[in-house]
Amino acid sequence: MATVNELLDRVQDLPALPGPALRIINILNNPDTDLNEVERIIKTDEAIAMTVLRYANSARYGRPGRTFSLRESIARLGTKTLMKIALQCQICPMFSQTGTSYGLQLGAMQRGSLAGAIAAEEIARDLELEPELCFLGALLRDVGKIVLDMFATPEEMAEAASYSDTSASFLQIEEQVFGANHAEIGAELASRWNLPERIIEAIRRHHSPQPPGEEFNDPVCDVVHAADVICLWTGIATGFDGLQYPLAAHVRDGILGTRDRAEYYMTNMWARLTEAEAEMNADTAKGMTA
Amino acid sequence: MATAAATYTKPATDGKIVVGVADMAVTNDPTAFLVTYALGSCIGVTVYDPVAKIGGLLHFMLPSSKIRKGQDDSNPLMFADTGVPLLFKSVGNLGAVRNRLIVCAAGGAEVLTNDGHFKIGSRNRTILRKLFWKNNILLSADETGGSISRTLTMNMSDGSITVRSKGKESVLWPQ
């Protein structure tokens, strides 16, 4: 059975994290960095600059009858929002051409990445955790599926899913078929990109966060897990794997807590996702949710 | 072909009218297919009048609209208690006759373990049954529960319903 590294070594064209995203992540991970660097990255990347302009002039941030220039937009949005926009703009498209082996239409994984990030950011704000870090961890949580998508056809994945025990976690099914699951593969990929350890662990543990008191417990992992479950309930980017993942007891009883809170996160995520897609003018029309 | 009588009529693209999450479509176009993808804990409800060939599909997310009461962005199609009445009203506006309607449902799945008190899929199924029971509506066919994601399609030419999950398609109605 192949190890995670052997699997990754077999891939000719491993997904690469865009340079500007890496630079932003380094800034996020190093509070002493000069924040003007964010502005420089935005000004030198046309795609990010265009997105920043769209955001600053959107219904949410703009002002009727007034169009803001890039310089004004940067000043209006603030560094943290700019970092978030830049990460979203760079990372979401990595998911745009993947997911077919999971029975998803193109665009569904991209939407799932953003939906999880939005939910994670909201939960982190409520918990007064690190919203940008949780946003990033959730954006990247399913990056391992991009790799597994290269190994299987939809027919092979559907067959594995059909003949498996439906009470088993889909992670186990991936392990049986590929030798590793998408969470482990994603974590190893993030490690090869030299991402911060907390992001690597959030990817590795987004379906299995460790409870408090255990080694590797990190509230960031808990938040990313909660955000992932919110997406599963909503059906976003659920393919052959469906909802075949567990909900960790400490996240169920802690972060999600009550029905009202869980349902509020679902409805809020959905409202903000549709708003963000309109702002991004993304190609993730609702027909691509499967 | 759809008339402007109802708010939720949408034109078909490549023969398909795609219904998103917290969304609905009604039509009287017999050549169209109403489809909704990736039903997780959400439920897709279809109604079809076989005589008038008028039908509709609602994809609701949660049982009760109370959760977003008073919010500016509240969407009635997000919830069973507000979405289902709108579905029946909208097909009625197009000319469907209520006692001829064939009603089907799919979705309402749960995550694997430890869902505990949330049981979103199960509560979605319960409220739907209560709503139908209160209003004397018979559910002709349903496929709900489990941990699978489902795609629900209604063929407007004859009202037949198919459910696709794990790459396999099955006919939900007629049984």
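So, chain A splits into domain 1 (17-95) and domain 2 (96-290), with bounds that come from an automatic or database domain assignment. What you see here is a predicted model, where local features need pLDDT of at least 70, side-chain atom pairs count only at pLDDT 80 or more, and totals for chains, interfaces and linings use all residues. Residues are numbered from 1 along each chain as its sequence is written, while chains are lettered from A and ligands numbered from 1 in the order in which they are written.

Back to those two domains. Their centres, taken over C-alpha atoms, are 24 Å apart. Domain 1 of chain A puts 20 residues into the contact and domain 2 of chain A puts in 21; contact here is two residues whose C-beta atoms, placed from the backbone, lie within 7 Å. On the domain 1 side, helix 2 (19-29), helix 4 (46-56) and helix 6 (79-91) of chain A each supply at least two residues. Helices, by the way, are DSSP runs of H or I with at least four residues, strands are E runs with at least two, and both are numbered from the N terminus. Helix 6 of chain A gives the most to that side, six residues. By type, the domain 1 side has 12 nonpolar, four polar and four charged residues.

Now, what lies between the domains? A nonpolar core means buried Ala, Val, Leu, Ile, Met, Phe, Trp, Tyr and Cys residues joined through C-beta atoms within 7 Å. Buried means 20 or more other C-beta atoms within 10 Å of a residue's own, exposed means 12 or fewer, and partly exposed is in between, again with C-beta atoms placed from the backbone. Of the 150 residues in this core, A119(A) and A120(A) touch the most other members. Helix 14 of chain A is the element that gives the most to the core, with 11 residues.

Let's zoom in on A120(A). Beyond its neighbours within four places in sequence, its contacts are C134(A), F135(A), G137(A), A138(A), V223(A), V224(A) and A227(A). Among the residues of helix 8 of chain A that are buried are C134(A), F135(A), G137(A) and A138(A).

Over to the partner. 38 residues of chain A are in contact with 36 residues of chain B. Helix 16 of chain A gives the most to the chain A side, nine residues. That side divides into 19 nonpolar, 14 polar and five charged residues.

And chain B itself? It has two helices and 10 strands, in the order β-β-β-β-β-α-β-α-β-β-β-β along the sequence. A compact globule of 175 residues would have a radius of gyration near 16 Å, and chain B has 15 Å, which agrees; that radius is taken over C-alpha atoms, and the globule rule is 2.2 Å times the number of residues to the power 0.38. Of the residues of chain B, 54% count as buried.

Last, confidence. The model scores ipTM 0.91 and pTM 0.92. Chain B averages a pLDDT of 91, with 92% of its residues at 70 or above; pLDDT is the predictor's confidence in each residue, from 0 to 100. Over residues 1-6 of chain B, though, the pLDDT is below 50.

Conventions
Nonpolar A, V, L, I, M, F, W, Y, C, P; charged D, E, K, R; others polar.
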